[in-house]
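Trainee: I have a structure open and would like to go through it with you. Can we take it one topic at a time?

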Amino acid sequence: MKLTRTLMASAAILTAAPAFAATEIEFWHAFTGRLGELVAEQVETFNASQDAYTVVATHKGNYSETLNAGIAAFRAGEQPDILMVFEVGTATMMAAKGAVRPVYEVMGDGFDQSQYIGAVKGYYTSADGNMLSLPFNSSTPVLWVNRTMLQENGIDPDIDLSTWEQVGEVLTQLKDAGVSCPLTTAWQSWIHLENLSAYHNVPFATKANGFEGTDTELVFNGDAQVAHIQAMGDWAKDGKFMYAGRRNEGGANFRAGECALFTESSAGYAGIKAEAQFEFGVRPLPYWAALVDAPQNTIIGGASLWVMEGQSDEDDAGVAEFLKFLSSPEIQAKWHQDTGYLPITQAAADLTAEQGFYDANPGTDVAVKQMTANEPTENSKGIRLGSFDQIRTIIDEELEAVWAGDKSAQEALDSAVERGNPLLRRFEQSAR
């Protein structure tokens, strides 16, 4: 446990009055590259804005590695003040009794939870509506378009891509034109099963996708999910869908101009804007017109900031100041505009619009509209499952069997459900 360090010894030599060092706040995160640079900028701005606290940000690996590092550190009594945890770790953190302090308690009296956008904060709230962690980087999947590549292959770059049926027609045109990567994706489970389910208002798991209890079961092997995964499997077989990896490996291919279409987080904006040497656009995630007349809403991904238990009062006060800073309209609006992540407050969204950002950068408001177009249903407010990271690994393995042509979509999804449900039962037992 950290204690506020002082410089009393050296100060006694230099002056008659003691000088105290700033309280150090440890912040562990999972960002590298451009996002890592933007986090460092936020930390530097906060540190320069006052002299009572110094936030020290440390990269701890990818999302899974950062969560595991935080758990191990807590067990060793060496936990940071703030831990970034991706959304699939939410149920794990909620069940970690004695390890975390709810953010609404840390922020204290006067904390206005109503300022945060409901579709974003809802994932991280308790049953009674109190925020357990602070949404930090919340995104939702969209369709990125290499407009230059479409035009060079005789396709109108403004062609309607609202439905997967229309996307399929364009993939055929691109393949026939000799394009080697018509479509690729990042985060295949999140986009093509989790969001696919929410977008078509079908359950991913029972008990409102786990929000209503840990005694939930996986049901993502239904007709809608099977139809979509089978279509993608057929596209993979035909060379229309190129699988690059389980996380965001496909992002490098798209940013390099190798792929025409790319399903990815709205937060892909930061890297694409920085690296792409072509004209790009962003569209809503497609839906299947054969399944629904109109889509429901997508769900968030990304991560939130959890306050770890066992720190000093000075540390907790510093954490509250830093989280207040991150939530301020000016900082949130800049973060939203720089990264493509959703604004976590309505004030930040309003400020972004007032600054003319959406008008100057067409499509950057797609994610916000997509998330807030409809009131979420029990199938579309998010997924809160125990052992979700391990379940995603199972899903990844089974989807890879479909892309390789080794299994049908029905076989793969049935297997993923059968393998994943025992993990839910073990989590249910441990959470009692």
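Trainee: How do the residues lining the largest pocket divide into nonpolar, polar and charged?
Mentor: This is a predicted model. In it, the lining of the largest pocket has twelve nonpolar, 14 polar and seven charged residues.

Trainee: What volume does the largest pocket have?
Mentor: The space in the largest pocket comes to about 720 Å³. Its lining is made up of 33 residues, and those closest to the centre are F31, L35, W187, N248 and Y341.

Trainee: Which elements supply at least two residues of that lining?
Mentor: Among the helices, α2 (33-49), α12 (249-255) and α13 (269-275) do. The strands β5 (134-139), β8 (261-265) and β10 (301-308) do as well.

Trainee: And which one gives the most to the lining of the largest pocket?
Mentor: That is α13, which contributes four residues.

Trainee: On to the second largest pocket. Which residues lie nearest its centre?
Mentor: They are F280, G281, V282, P362 and G363, out of 18 lining residues. The elements with two or more residues in this lining are β6 (141-146), β9 (280-283) and α18 (366-372).

Trainee: Which of them gives the most there?
Mentor: β9 does, with four residues. The volume of the second largest pocket is about 300 Å³.

Trainee: How does that lining divide by class?
Mentor: Ten of its residues are nonpolar, four are polar and four are charged.

Trainee: What about cavities, how many of 30 Å³ or more are there?
Mentor: Searching the whole structure gives six. The largest cavity has a volume of about 100 Å³.

Trainee: Which residues line the largest cavity?
Mentor: Among them are V142, W144, S266, Y269, V282 and H336. G340, F357, G363, T364, V366 and A367 are also part of the lining. Two or more of the lining residues come from β6, and two or more from α18.

Trainee: Different topic. Which cysteines form a disulfide?
Mentor: C181 and C259 do, with 2.1 Å between their sulfur atoms. The count for the structure is one disulfide.

Trainee: Where in the chain do the two cysteines sit?
Mentor: C181 is in the loop between α8 (164-176) and β7 (183-185). C259 is in the loop between α12 and β8. The two are 78 residues apart, and the pair links distant parts of the chain.

Trainee: Is that disulfide right-handed or left-handed, and why?
Mentor: The disulfide of C181 and C259 is right-handed, because the torsion about its S-S bond is about 90 degrees.

Trainee: Last one, helix packing. At what angle do α14 and α15 pack?
Mentor: Helix α14 (residues 313-327) packs on helix α15 (residues 329-339) at about 60 degrees, and the axes are 5 Å apart. With that angle, α14 is oblique to α15.

Trainee: Which residues meet between α14 and α15?
Mentor: On the α14 side they are F325, L326 and S327, and on the α15 side P329, I331 and Q332. By class, that contact has four nonpolar, two polar and no charged residues.

Conventions: Residues numbered from 1 in each chain as written. Predicted model: local features only at pLDDT ≥ 70, side-chain atom pairs only at ≥ 80, totals over all residues. Heavy atoms only, no water. Axes fitted to C-alpha atoms, helices over the stretch in contact; angles between N-to-C directions. Parallel < 35°, antiparallel > 145°, perpendicular 65-115°, else oblique. Contact = heavy atoms within 4.5 Å. Nonpolar A, V, L, I, M, F, W, Y, C, P; charged D, E, K, R; others polar. 1 Å grid on protein atoms, 1.4 Å probe; cavity = no way out; pocket = protein on both sides within 12 Å on 5 of 7 lines; lining within 4 Å. Points joined across faces, edges and corners; volume = space filled by probe spheres on them. Disulfide = S-S within 2.5 Å.
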